Amino acid sequence: MNVFIIGIGLIGGSMALDIQEKYPKAKIYGIDTKEAHLDEALKLGVIHQKSSFKELDKAEIVIVSIPVDAQIEVLPKVLNIVNDDTLVMDVGSTKELICKTLEKHPKRRNFLATHPIAGTEFSGPSAAIKGLFKDKTNIICEVEKTAFQLQEKALGIFATLGMRIRYMDAHSHDKHIAYVSHLSHISSFMLGKTVIEKEQNERDIFDMAGSGFESTVRLAKSSPAMWTPIFEQNKENVIETLEKYINNLEEFKSLMQQDKFSEIFQKMKSTNHIKQILNGIK
Ligand code: NAP
């Protein structure tokens, strides 16, 4: 099985590692704009061989794992080159523009739109880890537009990697993911920014930061090159979530100013319910 990974970073690299482990006969080819990433991926054993677009005609599976703005440019070109029975998948964090871009492509049936809900704050081939997708959800959009045999092939791989599948239309995906993923990243980035601006001496932050701060600000280490196009493509949904979040922050501040601490207690108490919600989906 010839598997081509375009964008050999955290997600593409982690897919490559799991596919190698579960399918020992698979040959993993890497394509990336950054030559240094390809060299590193080869050295780390994430890929077997460096490759280029010219060789895509020998691919059985192509996984495109690059920032979502680049996906819009690259996916149509990949589909133009591949054979009629090649499966092409993206793993982008937004789905609506990607699906719309490929809507009328003559090889639309070769394409499957996916979003594995798995990741870390790190990027590049050195961030790739084995088992990243185990017990995680993979959201698949517009599955009916993909050829049945290719759907089956993709589902077989996801099951082998230990993933659960959720089907969704691309519009709903972008709306829901704005709340549970995109807003969390903005909140973490802005918390980090607020603290850095206040505490000019970074040593003080480091000394006083407890595990609460560290876990809340973890996502602020994420790559701006990956996140800026996500916010751009999902602008309207993200702005809606930000408005709701800012309203909650304003309300919290107002209750503080009015010394309404019993109401603050009640708001936090009812939000503790998040514990049951999160336990329920594990
Ligand atoms: P990453 O670690 O930065 O890896 C992306 C790789 O693609 C980098 O090596 C990058 O090189 C390269 N690249 C950029 N543009 C390219 C192009 N036009 N052609 C070929 N290679 C290109 O990013 P990632 O976190 O794996 O994210 C990849 C995709 O997965 C994104 O669509 C993202 O939305 C999605 N995703 C991410 C997460 C997460 O938690 N990180 C979770 C689920 C899905 P440079 O570094 O030089 O740009």
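The backbone nitrogen of K107 lies 2.9 Å from a polar atom of the H105 side chain. That is a polar contact, meaning a pair of N or O atoms within 3.5 Å; within protein, one must be able to donate a hydrogen and the other to accept it, and residues adjacent in sequence count only if both atoms are side-chain atoms. H105 sits in the loop between α4 (96–102) and β6. Helices (H or I, at least four residues) and strands (E, at least two) are DSSP runs, numbered from the N terminus. H105 is buried, with a relative accessible area of 13%. Buried means under 20% relative accessible area, exposed over 50%, and partly exposed in between, with a 1.4 Å probe and protein chains only. Leaving aside neighbours within four places in sequence, H105 is in contact with P76, L79 and N80. Contact means heavy atoms within 4.5 Å. E236 lies 131 residues from H105 along the chain, and their C-alpha atoms are separated by 26 Å.

The model is predicted: local features need pLDDT of at least 70, side-chain atom pairs count only at pLDDT 80 or more, and totals for chains, interfaces and linings use all residues. Residues are numbered from 1 along each chain as its sequence is written, and side-chain values use heavy atoms, with hydrogens and water left out.

Now the sheet. Eight strands form an open sheet with mixed pairing, in the order β3-β2-β1-β4-β5-β6-β7-β8. Two strands pair if DSSP finds at least two bridges between them. The edges are β3 (49–50) and β8 (164–168); each has a single partner strand, so one side of each is left without a neighbour in the sheet. Strands β7 (residues 137–141) and β8 run parallel, joined by five bridges. Here I140 stands opposite Y167 in β8.

Two helices pack on this sheet. Helix α5 (residues 148–160) touches β4 (61–64), β5 (87–90), β6 (111–116), β7 and β8. Its direction makes about 55° with that of β5. Helix α6 (residues 170–198) touches β6, β7 and β8, and its direction makes about 110° with that of β8. Axes are lines fitted to C-alpha atoms, for helices over the stretch in contact, and angles run from 0 to 180 degrees between N-to-C directions.

H173 lies in helix α6. It is buried, at 1% relative accessible area. Its side chain makes a polar contact of 2.8 Å with that of H115. Beyond neighbours within four places in sequence, the contacts of H173 include S93, I139, C141 and M168.

A disulfide is a pair of cysteine sulfur atoms within 2.5 Å, and the structure holds zero of them. C141 is buried at 0% relative accessibility, and C99 is buried at 2%.

The loop between β6 and β7 holds K134. K134 counts as exposed, at 51% relative accessibility.

A polar side-chain atom of D32 lies 2.7 Å from a ligand oxygen atom. A backbone N or O atom of I66 also lies 2.7 Å from an oxygen atom of the ligand. For T33, a backbone N or O atom lies 3.3 Å from a ligand nitrogen atom.
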